[in-house]
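Please open the structure in your viewer and keep the selection tool at hand.

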Amino acid sequence: MESCGINQFLEGKTIFIAGATGYLAKILIEKILRVQPNVKKLYLLIRAPDSNLAKERFNNEVIKTDLFGVLRKKLGANLQALIEDRVFLVAGDIACDNLGINSELKNEMFKEIDIIVNSAAATRFDERYDTAIRTNTLGALNILKFSKQCSKLNMLLHISTAYVCGENDGLILEKPLHYGETLNGGSQLDIEVEQKVVEETLNDLKARNAAEKEVTLAMRALGIERAKIHGWPNTYTFTKAMGEMLLGHLKEDLQLIILRPTVILSTYKEPFPGWIEGMRTTDTFIVGYGKGKQNVIMGDKESIIDVIPADMVVNSIIAAMVAHRNCSSHSTTVYHISSSRRNQLNIGDTIQFSVDYFKKNRWIDERGKPVKLKKVRTLDSMASLHKYMTIYYKPLLKILEWANLILCQLFQKLHTDLERRNNLVIRLAELYKPYVFFKGVFDDTNAEMLLMVTKESNADDTFNFDPTTIQWEKYFKEIHIPGLVKYIF
């Protein structure tokens with residue numbers, strides 16, 4: 001399967017991408033338009049009430065980003081013509097029946113779509129449970145229902161997360177989740193019951209005339225609570241797991257491909273190195289350390305942190321499309337797009353790369369002076385974090401409380417800010433704990449086989465997603481951290 005063969009496959013195809021304004025989807029859209037401008041149609045589902053707002057979101061959040069700079073330079077004024085000819089914006093919402101798409105457009109799409117890629121997701125670890133279950137669980141079901149009405153559909157490609165495994169250790173296999181299974185061996189997971197829990201909680205909050213902030217906090221707490229009951233560490237992975245279960249259970253004879261990336265970082269090569277949106281796990285520490293605001297990180301230095309560049313994930317999506325184009329099997333295929341089995345990276349490495357980078361490239365503060373960097377301290381448990389906070393933060397908070405009593409709340413803002421920072425540190429530590437102490441290794445045998453098929457004639461590496469080609473030190477120091485500095489700082 002040559003890279004030109006992949007291009008030939010994409011030519012004349014109609015692809016529907018859900019979650020088109022998301023980080024991964026943007027890179028996928030750019031890649032397809034750049035390598036195969038003769039794709040027939042790209043239908044892009046954008047959460048919006050009408051086509052005008054969908055167009056506005058697409059222009060502001062997708063086309064105007066730096067990501068499309070290579071394509072803008074390559075095509076110039078012709079880029080707009082290409083978009084008008086090949087890109088079809090679809091206003092809707094994955095959480096709605098029929099994805100909230102108007103009837104006329106929906107019927108046209110049913111006749112034309114060859115491939116559906118679902119990359120829509122609510123990715124916040126402690127998202128409101130109602131929001132997460134609507135998007136990650138019921139949204140997947142809505143995509144499946146839509147897929148079954150597409151007469152030409154070749155496959156549904158669902159982007160999940162490798163961490164649907166929860167906090168398992170050992171070798172984690174590329175296998176589908178069974179409907180109703182739990183990770184802690186507890187009672188059967190009933191997705192309908194989870195929906196009822198959400199509805200009953202919302203009704204109770206409404207009956208009490210709860211303020212919106214109270215509702216949000218209650219729904220976030222409920223998501224974490226329900227996830228932990230069934231063995232998952234957070235709302236995101238729990239609701240993504242339930243989405244996978246529904247797809248596998250109800251797909252019937254539909255060809256279903258589930259891609260489970262690990263932690264997705266900045267682009268490795270395409271369309272250029274280092275492009276990123278948002279921060280992932282250790283990125284929070286990297287940014288905080290670089291700004292001189294954080295020198296403490298919780299985690300086991302020897303723990304494997306499984307990360308993968310975003311463009312490699314996109315290449316694997318396209319490779320999977322091509323590899324399964326003539327597949328007669330109706331089974332579910334799972335791919336871990338990961339690095340931990342064949343090119344391991346540990347947390348201690350990422351800390352050292354960050355220290356080395358910022359020693360040579362000091363962040364300049366608002367006064368125009370290089371920030372002072374402190375020695376990094378690693379805490380190996382939540383207990384040690386609480387002890388650290390008690391020693392370094394609690395006394396100052398107590399002093400400020402007394403000062404406020406004596407001086408008529410003169411230091412109230414400072415006290416509030418410090419207390420908020422203290423609570424944020426604890427909350428983030430709880431959310432990231434499963435990943436900074438993770439002991440599992442993701443089996444990627446299926447992904448390796450997919451890569452081998454792609455590599456046979458892919459001499460120019462246009463669609464490379466081989467994690468063994470990544471030199472981690474070079475990637476972090478020359479690509480990822482500079483990308484964070486440029487696009488996140």
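Begin with the largest cavity, whose volume is about 40 Å³. The model is a predicted one, and it holds two cavities of 30 Å³ or more.

**First stop: the lining of the largest cavity.** Select His336, Ile337, Ser338, Arg342, Asp444, Ala447, Glu448, Leu451, Phe465 and Pro467, which line this cavity. Two elements, β11 (332-337) and α17 (445-455), each give two or more residues to the lining. Which element provides the largest share? It is α17, with three residues. Colouring the selection by class shows five nonpolar, two polar and three charged residues.

Keep Arg342, Asp444 and Glu448 from the lining of the largest cavity selected.

Next, select Tyr163, Val263, Thr281, Ile305, Tyr435 and Val436, the residues that line the second largest cavity. The space within this cavity is about 40 Å³. Its lining divides into five nonpolar residues, one polar residue and no charged ones.

Side chains of opposite charge can pair when their charged atoms come close. How many salt bridges does the structure hold? There are 28.

Select Glu277 and Lys26, whose side chains meet in a salt bridge at 2.7 Å, N to O. Glu277 lies in the loop between β8 (263-265) and α11 (282-290), and Lys26 in helix α2 (residues 23-35), so this pair ties together parts that are 251 residues apart in sequence.

Move on to Lys41 and Glu112, which form a salt bridge with their closest N and O atoms 2.9 Å apart. This pair links distant parts of the chain, with Lys41 in strand β2 (residues 41-47) and Glu112 in helix α6 (residues 103-112), 71 residues apart. Lys41 is buried, with a relative accessible area of 12%, and Glu112 also counts as buried, at 18% relative accessibility.

**Last stop: a partly exposed pair.** Finally, select Asp204 and Arg208, which form a salt bridge whose closest N and O atoms are 3.5 Å apart. Asp204 counts as partly exposed at 42% relative accessibility, and Arg208 is partly exposed with a relative accessible area of 47%.

Methods. Residues are numbered from 1 along each chain as its sequence is written. This is a predicted model: local features need pLDDT of at least 70, side-chain atom pairs count only at pLDDT 80 or more; totals for chains, interfaces and linings use all residues. Side-chain values use heavy atoms; hydrogens and water are left out. A salt bridge is a side-chain nitrogen of Lys or Arg within 4 Å of a carboxyl oxygen of Asp or Glu. Helices (H or I, at least four residues) and strands (E, at least two) are DSSP runs, numbered from the N terminus. Buried means under 20% relative accessible area, exposed over 50%, partly exposed in between (1.4 Å probe, protein chains only). On a 1 Å grid over the protein atoms alone, a cavity is a set of points where a 1.4 Å probe fits but cannot get out, and a pocket is an open set with protein on both sides within 12 Å along at least five of seven lines; lining residues have an atom within 4 Å of a point. Grid points are joined across faces, edges and corners, and a volume is the space filled by probe spheres set on the points. Ala, Val, Leu, Ile, Met, Phe, Trp, Tyr, Cys and Pro count as nonpolar, Asp, Glu, Lys and Arg as charged, and the others, Gly among them, as polar.
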